[in-house]
Amino acid sequence: MITFANVLTEPYLPGNYNTMIKIEDNVDLRPLNTFGLQGKVRRLVTYTDTADLTELFTTKKWQVGKVTNIGDGSNLLFIGDYNGTLLKSGINHPIKITDNNNDDHIFVTAGAGMTMDDLCAEMASRGLWGTENLSGIPGQVGAAAVQNIGAYGVEIADLIEKVHLFDTVEAAHVSMSADECHYGYRTSVFKKQPQRGRYIVTAVTLRLSKRPMPRLSYGHLAVKVSAFPSPEEIRKAVIEMRDNKLPDWHQYGNAGSYFKNVETEISVYDRICSIVEPNEVPHYRLNDGRIKIPTAWLIEQCGWKGKGNSEASVWQKQPLVLINATGNATSDDIIELEEEIVRSVHKKFGVTIEPEVEKIRNI
């Protein structure tokens, strides 16, 4: 059962802004997804304020077919045309910073439509700690809170104080604490039934640190920075590391990490070790006693690095990433490659890897 940490008497509005609702029909899907897949959406509704959501869900005259809320499309795979309505967040009010005279922490609220990397850049420039390891991840702040994005040992769930929401069933503005969001590895309550699709993130409040809290234990990050780095120095190192191994989606369409890493029991890890002896299996021990194995390593062991079909392929520097290699790939090309990779990893190691991307199916 979900309870709300706070019911807002007013929607998230850190100032007075002009609302704007834009409704378009038969819109090209390509600019709406970083995979660059072609297609059409029957109706696109862009909103710029929480008050817009109140207006929209009070009348519903704008709705055509099923409604799906999206951000920048950086973790989506559209399966053909979308014959319903896409809602796209444009809530990008100025960042609100609240200092409760706490010596260590400060609270930062950003609109759901703000680009996540812009938020990371702003926080690093202010010397605030927490978001620097998440630098360079594409997408909006609202989508980051739904997906529980993570990189270099940090998840956004570690930083979230509160997620501000619009309840489409009750047509009301509410908020949830991080605990109420039931965060897990690349998941949250917003991605699971029965709450999936009910809530639209309007803003996110993060709890950041005013005192140095560098997190350097993951991915050899420590060797890239000085002994006493600033948030900006860590941000710069993270972006350089990402740029060295990940494709620019403007050049090669992709959705970032296509697959989740494998989290499994020690017995499964031991079995995989026996398969690849004398090679060492990279792994991380989780707090619950299980083992996390990089899926990129499993895929590479199956010979997929740089390989694919005529239109889509595995990125040569990071096997977790599938790319629209020619710019003309369809969702069928991407899924065909996904399924071949899943089969080969299961055949060799006996584990089933799962996609991280969200598939938006034709209706």
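What share of the contacts in the protein chain with a separation of 6 or more comes from residues 24 or more positions apart? They account for 66% of those contacts, where contact means heavy atoms within 4.5 Å.

Before you click around: this is a predicted model, in which local features need pLDDT of at least 70, side-chain atom pairs count only at pLDDT 80 or more, and totals for chains, interfaces and linings use all residues. Residues are numbered from 1 along each chain as its sequence is written, and side-chain values use heavy atoms, with hydrogens and water left out.

**Whole chain.** Color by pLDDT, the predictor's confidence in each residue, from 0 to 100. The average is 92, and 94% of the residues score at least 70. Now select residues 1-16, where pLDDT stays under 50. Where pLDDT is low, the predicted coordinates should not be read in detail.

Zoom out again: the cartoon shows seven helices and 20 strands. These are DSSP runs numbered from the N terminus (helices: H or I, at least four residues; strands: E, at least two). The C-alpha trace spans about 65 × 50 × 40 Å along its principal axes. Buried residues, meaning those under 20% relative accessible area with a 1.4 Å probe and protein chains only, make up 50% of the 363 residues.

**Helix 2.** Select residues 116-125 and show side chains. Met116, Asp117, Leu119, Cys120, Met123 and Ala124 are buried here. Look down the axis of helix 2: its buried residues fall within an arc of 155 degrees, so they line one face of the helix. That arc is taken from the directions from the helix axis to the C-beta atoms.

**The cores.** A nonpolar core is a set of buried Ala, Val, Leu, Ile, Met, Phe, Trp, Tyr and Cys residues joined through side-chain atoms within 4.5 Å. The largest one has 44 residues, and Met116, Leu119, Ile160, Val163 and Phe190 have the most contacts inside it. Strand 13 gives the most to this core, with five residues.

Click on Ile160. Leaving aside neighbours within four places in sequence, Ile160 touches Ala145, Ala178, Tyr183, Val204, Thr205 and Leu206.

Last stop: select Leu37, Phe259, Ile272 and Ala329. They are among the 36 residues of another core, which lies apart from the largest one.
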